Amino acid sequence: MSLTKSFLSRPRRAAIAAGLAVVACPLTQARAADPYEGEEAAIPATANFDKGRFGGIRQKLSDWNVMVGAGVAYAPKFEGSDEFELVPIPMVSATFGDRVTIDPGGLEVDVLKSNGFRLSVKGGYDLAGGRDEDDSDHLKGLGDIDAGAVVGAQLAYEMGPLEFYASVDKTIGGSDGQVGQVGANVSHHYDRFILSAGASATFADDNHMESYFGVTAAQSARSGLRQYEASAGLKRFDIEASVTYMATEHWVIRGQAGVGFLTGDAKGSPIVQNDVQPSAMLIVGYKF
């Protein structure tokens, strides 16, 4: 297996995709709690906070803002695995104004912001998609699932410290699947810290479920796993919590932990070794 293929294995792609959201906009989940909504980025105003030193973060973005970051994630080797590995997460992203973000995964644009509602569209490469049978001995004989291009949209509503959202993503190539998610986040500011927590439910269509959790007759013969058909429906529930620390005007440190619970046809798949999927991540980002 080549170095490129090894580095871009499915768990690494998933970790990189999750990390991009952290570094591209480390305060996204805290927008709902922003006391300067519509005027400044989400940084708490306290008596002992150096407004002069940190003013660059609090002002509304009006130019390209580049962030680079690196970190590590501890995650299952594949969705449903009972084996874990440490995954390095290097990345870079750029934001233009408060509506456009570009990162290795593609382009995301907030096309509508009104009365607490936000509609975003995105297009790019599905960093979290795909799976290689070399990721684990348990996957031998199942073949690889290629990643592909992805297009999607998200509708969110902010109400004080709460944000509710619903999203849908379509993969073009690879599984040719479609995944939807509904969830909610809550954030709280304390001095230079932002404390966030969230919960979500993920749904998937037949193509996605059959690709990642189904076992065809040919795959069963090669792998030894029983034949299994996975249908569309609710795939998993997730809960997570994070702490973001604004160390300086430029440096951001974020720790995040979560656990997913596979359900429905995903949980019943012979590919799944453990339906409980914990993970943790630590990211350090620098904003130029």
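Biologist: Is L262 buried or exposed?
Modeller: The model is a predicted one, and L262 is found in its strand β11. The relative accessible area of L262 is 3%. Buried means under 20%, so L262 is buried.

Biologist: Which residues does L262 contact, leaving aside its neighbours within four places in sequence?
Modeller: The C-alpha atoms of L262 and D275 are 4.9 Å apart, although 13 residues separate the two along the chain. D275 is also one of the contacts of L262.

Biologist: Are D134 and K140 buried or partly exposed?
Modeller: D134 and K140 form a salt bridge, with 3.1 Å between the closest N and O atoms. The relative accessibility is 34% for D134 and 36% for K140.

Biologist: How many salt bridges does a search of the whole structure find?
Modeller: Besides the pairs above, some bridges are linked in a network. That network holds D98, D110, K113, R118, E158 and E163. For the whole structure, the number of salt bridges is twelve.

Biologist: How many residues does the largest nonpolar core have?
Modeller: In soluble globular proteins, nonpolar side chains tend to be buried together. In this core, the residues with the most contacts inside are L142, M209, F213, V215 and I271. Helix α4, residues 206–213, gives the most to the core, with three residues. The size of the core is 16 residues.

Biologist: Which residues does I271 touch, not counting residues up to four places away in sequence?
Modeller: I271 is among the residues with the most contacts inside the largest core. L142, F213 and V215 share that description, and I271 touches each of them. The whole list is F78, G80, R131, H138, L139, L142, Y212, F213, G214, V215 and L225.

Biologist: Is Q219 buried or exposed?
Modeller: Q219 is in helix α5, residues 217–223. Q219 touches G141, L142, G214 and G224, not counting residues up to four places away in sequence. Its relative accessibility is 14%. With the limit for buried at under 20%, Q219 therefore counts as buried.

Biologist: What accessible area does the nonpolar patch on the surface have together?
Modeller: The patch is formed by V72, Y74, L86, W251, I253, L282 and V284. Strands β1, β11 and β12 each supply at least two of its residues. The accessible area together is about 620 Å².

Biologist: Y74 belongs to that patch. Which residue forms a stacked aromatic pair with Y74?
Modeller: The two rings are 5.3 Å apart centre to centre, with 20 degrees between the planes. Planes under 30 degrees apart count as stacked. Y74 is partly exposed because its relative accessible area is 41%, while its partner in strand β2 is ten residues away. That partner is F84.

Biologist: How many aromatic pairs does a search of the whole structure find?
Modeller: The pair of Y74 and F84 is stacked. Elsewhere, ring pairs link W251, Y286 and F288 into a cluster. The search of the whole structure gives a number of five.

Terms used
Residues are numbered from 1 along each chain as its sequence is written. This is a predicted model: local features need pLDDT of at least 70, side-chain atom pairs count only at pLDDT 80 or more; totals for chains, interfaces and linings use all residues. Side-chain values use heavy atoms; hydrogens and water are left out. A nonpolar core is a set of buried Ala, Val, Leu, Ile, Met, Phe, Trp, Tyr and Cys residues joined through side-chain atoms within 4.5 Å. Buried means under 20% relative accessible area, exposed over 50%, partly exposed in between (1.4 Å probe, protein chains only). Helices (H or I, at least four residues) and strands (E, at least two) are DSSP runs, numbered from the N terminus. Contact means heavy atoms within 4.5 Å. Patches are made of residues with over 30% relative accessible area and no salt bridge: like charges are joined within 9 Å, nonpolar side chains (Val, Leu, Ile, Met, Phe, Trp, Tyr) within 5 Å. Accessible areas come from the Shrake-Rupley method with a 1.4 Å probe; for residues, only the protein chains shown count as cover. A salt bridge is a side-chain nitrogen of Lys or Arg within 4 Å of a carboxyl oxygen of Asp or Glu. Rings of Phe, Tyr and Trp (its six-membered ring) pair if their centres lie within 6.5 Å; planes under 30 degrees apart count as stacked, over 60 as edge-to-face and the rest as tilted.
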